[in-house]
Amino acid sequence: MNYRLAALALLCPAVAAHAEAGKVHEHVFSNGLKLLVKEDHRSPVVVSQVWYKVGSSYEPGGITGISHMLEHMMFKGTAKYPAGEFSRIIAENGGNENAFTGQDYTAYFQTLEKSRLEISFKLESDRMRNLDLKAEELKKELEVVTEERRMRTDDQPRSKVHEQFMATAFTNSPYQNPVIGWPSDIANYKVEDLQAWYQQWYAPNNATLVVVGDVDALQVEKLAEQYFAPLQPSVLKPVKPQDESEQHGVRRITVKAPAKLPYLMMGYKVPVLKTAKPEWEAYALEVLAGVLDGGDSARLSSRLVRGKQIAVSAGAGYDFTSRLPEVFLLEATPAEGKTVFDLEYALLDEVYQLKNQLIDKDELQRIKAQVLASAVYQKDSNFYQAMQLGTLETVGIGWQKADEYVDKINQVTAEQVREVARKYLIEDTLTVAYLDPQPITQAAKPAKAIGGHHAF
């Protein structure tokens, strides 16, 4: 599992695109909707995304996963466009559409030939305020989400470890809950719960409309004004803070699940770009993650997998763009004849070296070069350019921050990497989870169709 490339991909594309094609066009309508348009004229295609500032980290106990459930229900239609019409119309116009829910956001997107952008606006503006929630549709979709949870978590031993790991690492932060929700909560959603969630969060003043593609920014603004500006805003109630309680020592859990191989996950609590003080610490943690897991030449692959040959895979991850403080993850699967405890010792030794030895200039330069290479690669994707803008804006960092990324990464020194390792990779904030593989006594259940709407 390579967490690093995904994290770098999120921040790099617009940096490169900005240098080539100019600035992002921003406009805020009187009802609070923010519009971001990025022109990219290399192909006659446009990506339109609507980002709502609500995800699993906004959910109180008892209705965990309701943001994800509502994401499914958003395809069940309005009075104007009944169930199935949204997808049919997009497909009829040669486009594709989907949605995704995260800890800090829920987003919907369409990719279309550039002249069809109005179709996207017409459909998305309608369901932003006019969703028709029905009990019979919820009953059917509950089965879909329950099956989705089985396939993605309950039948996946590493996903189960990750879910239990997060529930152990965080005691008060809402990041302790899975995005898809706990089974009991999923089983007990009512239409009234969905209706209240929809009314509370799905409003123009809680959304960002992002458009990237072969368009004229001012024409897009005019079109957006036609469809979105008449929508009424809502009164948004601030979310109660759920600051994580201070941890005072290592937390360890063992998860038993049918599996072929054991598995280890470790994580330290760390700040993210939005919370790091000083800010450079977040960039230094980014580089630190790259030192450990930035391709085949990174330390975990070169030392634990190919060098000592004690792991068949090993990785590190740091979600730099989260809304709340996160965990810096390390994970590995032992090679034949090795145990999770061998791996834990080896990973702790890597952490020890980061704390006590400065990384050399060549290694530091390799990480920075990798950032630039990722920027060039991701430049080709309108979708990821839009996703970057939407994410940064929705979690409260601001899309403008993307322009600083390469410079800030290039300013990170070896001393700063060592400093954040010493400050944050400490035993008092460490959580360790072991997968204890149990015999696989039953054939895997066949995957059922889980609905057509899920990007991630």
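This briefing describes selected features of a predicted model. Its largest nonpolar core holds 69 residues, and a separate core holds 53 residues. Five strands form an open sheet with mixed pairing.

**Nonpolar cores**

- Within the largest nonpolar core, which has 69 residues, the members that touch the most other members are L288, Y318, F328 and L330.
- Helix α11, which covers residues 280–292, supplies nine residues, the largest share of this core.
- Another core lies apart from this one and has 53 residues, including L70, L112, I186 and F228.

**The five-stranded sheet**

- The strands of the open sheet follow the order β7-β11-β8-β10-β9, and their pairing is mixed.
- At the edges are β7 (251–258) and β9 (311–317), each of which pairs on one side only.
- On average, and with direction ignored, neighbouring strands of this sheet are turned by 15 degrees against each other.
- Six bridges join strand β8 (residues 263–270) to strand β11 (residues 430–438), and the two strands pair in the antiparallel sense.

- Helix α12 (residues 299–307) lies across strands β9 and β10 (326–334), and runs at about 160 degrees to β9.
- Four residues of α12 are buried, namely R299, L300, S301 and L304.
- After α12 comes Q309, which is placed in the loop between α12 and β9.
- The phi angle of Q309 is near 55 degrees, a positive value in a residue that is not glycine.
- Most residues other than glycine have a negative phi.
- Q309 counts as exposed because its relative accessibility is 54%, and the cut-off for exposed is over 50%.

**A cis peptide bond**

- The peptide bond that leads from K277 to P278 is cis, and its omega is near 0 degrees.
- Most peptide bonds are trans.
- P278 belongs to the loop between β8 and α11.

**S57, a buried loop residue**

- S57 lies in the loop that runs between β3 (45–52) and α3 (66–73).
- The relative accessible area of S57 is 1%, so this residue is buried; the limit for buried is under 20%.
- The side chains of S57 and D104 make a polar contact at 2.9 Å.
- When residues up to four places away in sequence are not counted, S57 touches Q103, D104, P174, Y175, Q242, R323 and L324.

**K134, a partly exposed loop residue**

- K134 is located in the loop between α5 (117–129) and α6 (135–154).
- With a relative accessible area of 37%, K134 is partly exposed, because this value falls between the limits of 20% and 50%.
- In sequence, K134 and K76 are 58 residues apart, while their C-alpha atoms are 8.5 Å apart in space.
- Leaving aside neighbours within four places in sequence, K134 is in contact with M73 and V191.

Notes. Residues numbered from 1 in each chain as written. Predicted model: local features only at pLDDT ≥ 70, side-chain atom pairs only at ≥ 80, totals over all residues. Heavy atoms only, no water. Core = buried A, V, L, I, M, F, W, Y, C linked by side-chain atoms within 4.5 Å. Buried < 20%, exposed > 50% of the residue type's maximum accessible area, 1.4 Å probe, protein only. Pairing = 2+ DSSP bridges. Axes fitted to C-alpha atoms, helices over the stretch in contact; angles between N-to-C directions. Contact = heavy atoms within 4.5 Å. Polar contact = N/O pair within 3.5 Å; in protein donor to acceptor, adjacent residues only side chain to side chain.
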